[in-house]
Amino acid sequence: MFGREFEIEGLGAERVAEKLVRGGVPVLGARIVQKNVVRIRVDGKHGKKVFAILQGSCYNIKKSRPVGWERVVHAFMKHAGLAVGAVLFVCAVVFFQGRILKIDVVGSGAYYRAEVLSVLSESGASFLAPVPAEKAGITARILALPRVSFCSLSHEGGVLTVRVEVEDEALPLVVGALTAPADGVVESLTVIRGVARVCVGDAVGKGDIVAEQSGELAVIARVAVRYPVDREYEGSEASARAQAYLDHGEIADIQTQKTERGWRVTGSALAVASRNLG
């Protein structure tokens, strides 16, 4: 029940209840607490009417407070901001507990940070995204990177930690720039550490620098250059093709043409060079 309790003081305070009833206010309870002081409880909806009836009389309302359910509602409204804040805080904790707020790449293979972030992004593991439930596919892709021997993912406090270890970190790195292995066009270039001096699609000559050291850090990079194949071989067409594959590896758009001395083989092949990458 919603109610309100009044503590009223005045001569003949015990007659206040009768005065209120005559004024149309049902009195739910009345108790004399000391001389000339009575405590009266009424239905909450008649609270304002009590003030109106006693206004200008010889009675003084010392206290007024809600009781029953009205007291509960009043207390809730008084602290509603705190309650809402607490609810929002709990909801925020529950929401962010399973979300990625930060990504750390640690371990001897931490220089793979860019590659690791790319793998995570392609797997949907980015800022504020849920922590990936299936980690096997992610670790498998990271383990496929050169020299990587171990990879693990852990999540705590909103931080997704990716530990990457390389198996031969203790081996000395070869000092010096990475150069183009042939005359041709750069088809791919991966620079883990160092400064790239060319871009994919650039024409390069054999021996041109494609990546060099940054400060004292040794270069870790790989380049693939596509170059034209145009060579004449003696013998049959089949033997000419076989020898061309031995000389150049896989040949794209291979063609053969009969010559006076044998067969001319044309097409394009890849020459790959790396520095401190297996």
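Q: In this predicted model, what is the accessible surface of the protein chain, and what share of that surface belongs to carbon and sulfur atoms?
A: The model is a predicted one, and the accessible surface computed for its protein chain comes to about 16500 Å². Of the 278 residues of the chain, 32% count as buried. As for the part of the accessible surface that belongs to carbon and sulfur atoms, the share is 55%.

Q: How many helices and how many strands make up the secondary structure of the protein chain?
A: Among the contacts in the protein chain with a separation of 6 or more, 64% are accounted for by residues 24 or more positions apart. The secondary structure itself comes to 7 helices and 15 strands.

Q: Which strands pair with E7, and in which sense, parallel or antiparallel?
A: Strands of a sheet pair through backbone hydrogen bonds, either parallel or antiparallel. Strand E5, residues 102-106, is joined to E7 over 5 bridges in the parallel sense, with Lys102 as the bridge partner of Val159 and Ile103 as that of Leu160. Strand E6, residues 148-156, is joined to E7 over 8 bridges, and one of the partner pairs is Cys151 with Val164. The partners asked for are therefore E5, in the parallel sense, and E6, in the antiparallel sense, as pairing can take either form.

Q: Which residue in the turn of the hairpin formed by E6 and E7 has a positive phi?
A: The hairpin of E6 and E7 has 2 residues between its strands. In that turn, a positive phi of about 60 degrees is found at Gly157.

Q: Which residues of strand E7 form its covered face?
A: In a regular strand the side chains alternate between the two faces of the sheet. Strand E7, residues 159-166, has an uncovered face made of Val159, Thr161, Arg163 and Glu165. Two residues of this uncovered face, Glu165 and Arg163, meet through their side chains in a salt bridge with an N to O distance of 3.2 Å, and both count as partly exposed, Glu165 at 23% relative accessibility and Arg163 at 37%. The covered face consists of Leu160, Val162, Val164 and Val166.

Q: Which residue forms a salt bridge with Arg141?
A: The structure holds 10 salt bridges, and in the one formed by Arg141 the closest N and O atoms are 2.6 Å apart. This pair links distant parts of the chain, 19 residues apart, with Arg141 in helix H6 and its partner in helix H5.

Q: How many residues apart in sequence are the parts tied together by Asp230 and Arg264?
A: The side chains of Asp230 and Arg264 meet in a salt bridge, with an N to O distance of 2.5 Å. Because Asp230 lies in strand E13 (residues 220-234) and Arg264 in strand E15 (residues 262-275), the pair ties together parts of the chain whose separation in sequence is 34 residues.

Q: With which side chain does the side chain of His248 make a polar contact?
A: His248 has its place in helix H7, residues 237-248. Leaving aside residues up to four places away in sequence, His248 touches Tyr227, Val229, Tyr233, Ala269 and Leu270. The polar contact, at 2.8 Å, is made with the side chain of Tyr227.

Q: Is Phe127 buried or exposed?
A: Phe127 lies in the loop between helix H5 (113-122) and helix H6 (136-143), and together with Leu101 and Leu128 makes a nonpolar surface patch of about 280 Å². Because its relative accessible area is 58%, above the cut-off of 50%, Phe127 counts as exposed.

Q: What is the phi of Asp253?
A: Most residues other than glycine have a negative phi. Asp253, which has its place in strand E14 (residues 251-258) and is exposed with a relative accessible area of 65%, has a positive phi although it is not a glycine. The value is about 50 degrees.

How values were computed. Residues are numbered from 1 along each chain as its sequence is written. This is a predicted model: local features need pLDDT of at least 70, side-chain atom pairs count only at pLDDT 80 or more; totals for chains, interfaces and linings use all residues. Side-chain values use heavy atoms; hydrogens and water are left out. Helices (H or I, at least four residues) and strands (E, at least two) are DSSP runs, numbered from the N terminus. A polar contact is a pair of N or O atoms within 3.5 Å; within protein, one must be able to donate a hydrogen and the other to accept it, and residues adjacent in sequence count only if both atoms are side-chain atoms. Contact means heavy atoms within 4.5 Å. Buried means under 20% relative accessible area, exposed over 50%, partly exposed in between (1.4 Å probe, protein chains only). Accessible areas come from the Shrake-Rupley method with a 1.4 Å probe; for residues, only the protein chains shown count as cover. Two strands pair if DSSP finds at least two bridges between them. Patches are made of residues with over 30% relative accessible area and no salt bridge: like charges are joined within 9 Å, nonpolar side chains (Val, Leu, Ile, Met, Phe, Trp, Tyr) within 5 Å. A salt bridge is a side-chain nitrogen of Lys or Arg within 4 Å of a carboxyl oxygen of Asp or Glu.
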